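My notes follow in the order I checked them.

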Amino acid sequence: MAAPIPFNRPYMAGKELEYIAEAHANGHLSGDGEFTKRCQLWLEQRLHVHKALLTHSCTAALEMAAILADIGPGDEVIMPSYTFVSTANAVVLRSGVPVFVDIRGDTMNIDETLIEPAITSRTRAIAVVHYAGVGCDMDSIMRIADRHGLMVIEDAAQGVMSAYKGRLLGSIGQLAAVSFHETKNVISGEGGALLINDERMVERAEIIREKGTDRNRFFRGAVDKYTWVDVGSSFLPSELIAAFLAAQLEHADAITQARLALWDNYHAALAPLEARGKLRRPVIPADCTHNAHMYYILLESAATRARVIADLKRDGIHAVFHYVPLHSSPQGRRHARAQGSFANTDAAADRLLRLPMWLGLEPDQQRVIDSLVRSV
Ligand SMILES: Cc1ncc(COP(=O)(O)O)c(C=O)c1O
């Protein structure tokens with residue numbers, strides 16, 4: 001039997017170990033050394049954000065965002081139910097209340113028309129998730145936020161190098177969080193960054209990231225000793241992680257292009273199945289360019305999906321699904337409010353299937369396509 005095809009395989013750009021050796025030789029292993037600065041500058045320049053701060057993960061960046069947004073007991077943050085737990089956990093950790101609304105049937109992104117009806121006097125922010133690296137309708141969302149004085153936090157975990165109306169994801173809301181987890185396009189094992197577009201929040205963000213101390217002011221020579229001035233935690237990664245990431249960021253354009261070639265291949269090959277009503281392919285709105293983070297299909301039903309997963313598995317191919325909608329999770333029921341119907345969320349949770357998508361898949365991609373064609 002042919003070699004198994006995993007769902008994901010981390011891509012190595014080439015210089016990761018060389019840069020880690022350089023960090024080792026520099027003798028600076030904790031955070032905020034030369035490699036961290038290099039990565040942050042890259043993110044600021046390429047994503048056009050005011051300030052980027054590396055974090056341990058996108059989860060950590062979202063937790064920082066919730067502190068910066070001053071989420072306190074009972075404060076509400078509107079978000080999709082169809083997302084990873086970290087979007088909501090960050091709010092619950094501040095004793096806030098995630099308010100879940102449904103997603104759109106086309107992009108799986110938050111349905112922007114459902115945001116305004118969910119706003120109450122307790123609403124503080126809107127947390128949008130750019131699902132599969134495809135941008136939400138940010139013009140509508142920013143208008144709603146402006147009208148109601150709300151902060152917008154972009155969960156751009158999957159969206160590095162994608163754009164909405166020519167603006168890079170992560171550069172539109174006041175705050176954004178990105179992920180460099182090994183399942184993402186550009187990786188450092190675990191890793192992330194907080195992106196800050198409102199310059200008034202930079203100094204506080206630096207303090208929160210450094211355990212609530214004004215250590216950065218001290219290093220800049222602005223104070224003669226550093227001390228505890230705010231809440232915070234240790235959100236900064238070591239230079240070893242930043243060195244790995246620096247090697248990846250250098251290849252971000254090439255990685256995106258190569259992933260897009262795989263994505264386009266799936267998209268063309270599966271068009272006839274869509275035409276025959278066997279599945280639905282991803283929808284990319286005209287306003288969006290995407291980073292080919294994910295190739296997913298929507299099948300007819302949960303039963304069909306279970307059968308297709310089993311058929312692919314028999315052919316040695318690992319395909320996966322997600323998410324258990326947060327509004328129906330035990331923790332979601334305890335701590336969140338669910339607003340309205342979740343028809344699209346529930347449909348995606350039952351019917352969405354993610355196909356293998358990683359650099360190096362090229363010679364075997366046709367096997368995935370053939371297996372899928374046989375199965376559906
Ligand atoms: C939408 C979304 N938000 C947050 C995260 C958390 O990212 P990390 O693993 O870097 O904490 C993920 C991870 O897959 C995600 O998909």
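I count a polar contact as a pair of N or O atoms within 3.5 Å. The model is predicted, and I keep that in mind throughout.

Ligand site. I started with the backbone. A polar backbone atom of cysteine 58 sits 2.9 Å from an oxygen atom of the ligand. Next I checked side chains. Glutamine 158 places a polar side-chain atom 2.9 Å from a ligand oxygen. For lysine 184, I read 2.7 Å between a side-chain N or O atom and an oxygen atom of the ligand. On its own the ligand has 400 Å² of accessible area, and the protein covers 91% of that.

Then I listed the shell. I found 15 residues around the ligand. The closest are Thr59, Asp155, Gln158, Ser179 and Lys184. By class, the shell holds eight polar, five nonpolar and two charged residues.

Helix H8. I moved on to residues 239-249. Is this helix mostly covered or mostly open? It is mostly covered: of its 11 residues, nine are buried. I noted the buried ones, among them Glu239, Phe244, Gln248 and Leu249. Ala242, Ala243, Ala246 and Ala247 are also on the buried list, as is Leu245.

What covers the buried residues of H8? I found helix H1 (16-26) and helix H2 (34-47) among the covering elements. Strand E1 (51-55) and helix H9 (252-275) are included too.

Last, I looked at the start of H8. There a side-chain oxygen of serine 238 comes to within 2.9 Å of the backbone nitrogen of leucine 240.

Terms used:
Residues are numbered from 1 along each chain as its sequence is written. This is a predicted model: local features need pLDDT of at least 70, side-chain atom pairs count only at pLDDT 80 or more; totals for chains, interfaces and linings use all residues. Side-chain values use heavy atoms; hydrogens and water are left out. A residue is near a molecule or strand if one of its heavy atoms lies within 4 Å of it. A polar contact is a pair of N or O atoms within 3.5 Å; within protein, one must be able to donate a hydrogen and the other to accept it, and residues adjacent in sequence count only if both atoms are side-chain atoms. Accessible areas come from the Shrake-Rupley method with a 1.4 Å probe; for residues, only the protein chains shown count as cover. Ala, Val, Leu, Ile, Met, Phe, Trp, Tyr, Cys and Pro count as nonpolar, Asp, Glu, Lys and Arg as charged, and the others, Gly among them, as polar. Buried means under 20% relative accessible area, exposed over 50%, partly exposed in between (1.4 Å probe, protein chains only). Helices (H or I, at least four residues) and strands (E, at least two) are DSSP runs, numbered from the N terminus. Contact means heavy atoms within 4.5 Å.
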